[in-house]
Amino acid sequence: MGALPVFQWRLAPDGYATRRQLRALGLRPGGQDVAAQLERPRRRRGPLIAYLYRVDLALPVRPMTPARRAALAKANTARRLCPACWRDAGYVIPAALGTCVPCAYSGPNGPDGSTREQC
């Protein structure tokens, strides 16, 4: 395969799309190779590059099955569970903290302000 065609930002011809654009159309690349690339110039750094795929070779997005939906719900629940206090935080635990906010910034009395040991 030769060099990829390079298009300037906002000047790609019809028939090409990024992964996000394909997803918005209900499509996926479907195993095809990158067909072209898009370059957006930046000051004092190299250009931003976006890979483009051919829309005519794209396949429909696979449908969400009940098993996939259950697995996704289980994974999202695990991201909300604090490993220190084992409570559902009600939000996705930040990777930078590693625990829920009360456990990460707990005072001398524990995450909920009580005097009993929790974390």
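Visitor: In which loop is Arg10 found?

Guide: This is a predicted model, and in it Arg10 is found in the loop that runs between strand E1 (6-8) and strand E2 (16-17). Phi of Arg10 is near 70 degrees, which is a positive value in a residue other than glycine. With 74% relative accessibility, Arg10 counts as exposed.

Visitor: What percentage of the residues count as buried, and what supplies the exposed surface?

Guide: Of the 119 residues in the protein chain, 18% count as buried. The chain exposes about 9100 Å², and carbon and sulfur atoms supply 55% of that area.

Visitor: Where does Leu25 lie, and is Leu25 buried or exposed?

Guide: Leu25 lies in the loop between helix H1 (19-24) and strand E3 (27-28), and with 56% relative accessibility Leu25 counts as exposed. The C-alpha atoms of Leu25 and Val61 are separated by 9.2 Å, while the two residues stand 36 apart along the chain.

Visitor: How should I read a salt bridge, and how many does the structure hold?

Guide: The general idea is that side chains of opposite charge can pair when their charged atoms come close. The structure holds two salt bridges. In one of them, the side chains of Asp56 and Arg54 meet at 2.7 Å, taken from N to O; Asp56 is exposed, with a relative accessible area of 56%, whereas Arg54, at 33% relative accessibility, counts as partly exposed. There is also a salt bridge between the side chains of Asp88 and Arg80, at 3.2 Å from N to O, and here Arg80 counts as partly exposed, with 29% relative accessibility.

Visitor: How is a pair of aromatic rings described, and what is the count here?

Guide: A pair of aromatic rings is described by the distance of the centres and the angle of the planes. The count comes to one aromatic pair in this model. The rings of Phe7 and Tyr16 have centres 5.7 Å apart and planes at 50 degrees, so the pair is tilted. Phe7 counts as buried at 19% relative accessibility, while Tyr16, at 25%, counts as partly exposed.

Visitor: What lies over the face of Trp9?

Guide: Arg40 lies over the face of Trp9, and the distance from the ring centre is 5.2 Å.

Visitor: How many disulfides are counted, and why is Cys85 without such a bond?

Guide: The count comes to zero disulfides. For a disulfide, two cysteine sulfur atoms have to lie within 2.5 Å. The closest cysteine sulfur to that of Cys85 belongs to Cys82 and is 3.6 Å away, which is too far for a bond. Cys100 is likewise in no disulfide, as the nearest cysteine sulfur, that of Cys103, is 3.4 Å away.

Visitor: Are these two cysteines, Cys85 and Cys100, buried or exposed?

Guide: Cys85 counts as buried, with 9% relative accessibility, and Cys100 is buried as well, with a relative accessible area of 6%.

Key: Residues are numbered from 1 along each chain as its sequence is written. This is a predicted model: local features need pLDDT of at least 70, side-chain atom pairs count only at pLDDT 80 or more; totals for chains, interfaces and linings use all residues. Side-chain values use heavy atoms; hydrogens and water are left out. Buried means under 20% relative accessible area, exposed over 50%, partly exposed in between (1.4 Å probe, protein chains only). Accessible areas come from the Shrake-Rupley method with a 1.4 Å probe; for residues, only the protein chains shown count as cover. A salt bridge is a side-chain nitrogen of Lys or Arg within 4 Å of a carboxyl oxygen of Asp or Glu. Rings of Phe, Tyr and Trp (its six-membered ring) pair if their centres lie within 6.5 Å; planes under 30 degrees apart count as stacked, over 60 as edge-to-face and the rest as tilted. A charge sits over a ring if NZ of Lys or CZ of Arg is within 6 Å of the ring centre and within 35 degrees of the ring normal. Helices (H or I, at least four residues) and strands (E, at least two) are DSSP runs, numbered from the N terminus.
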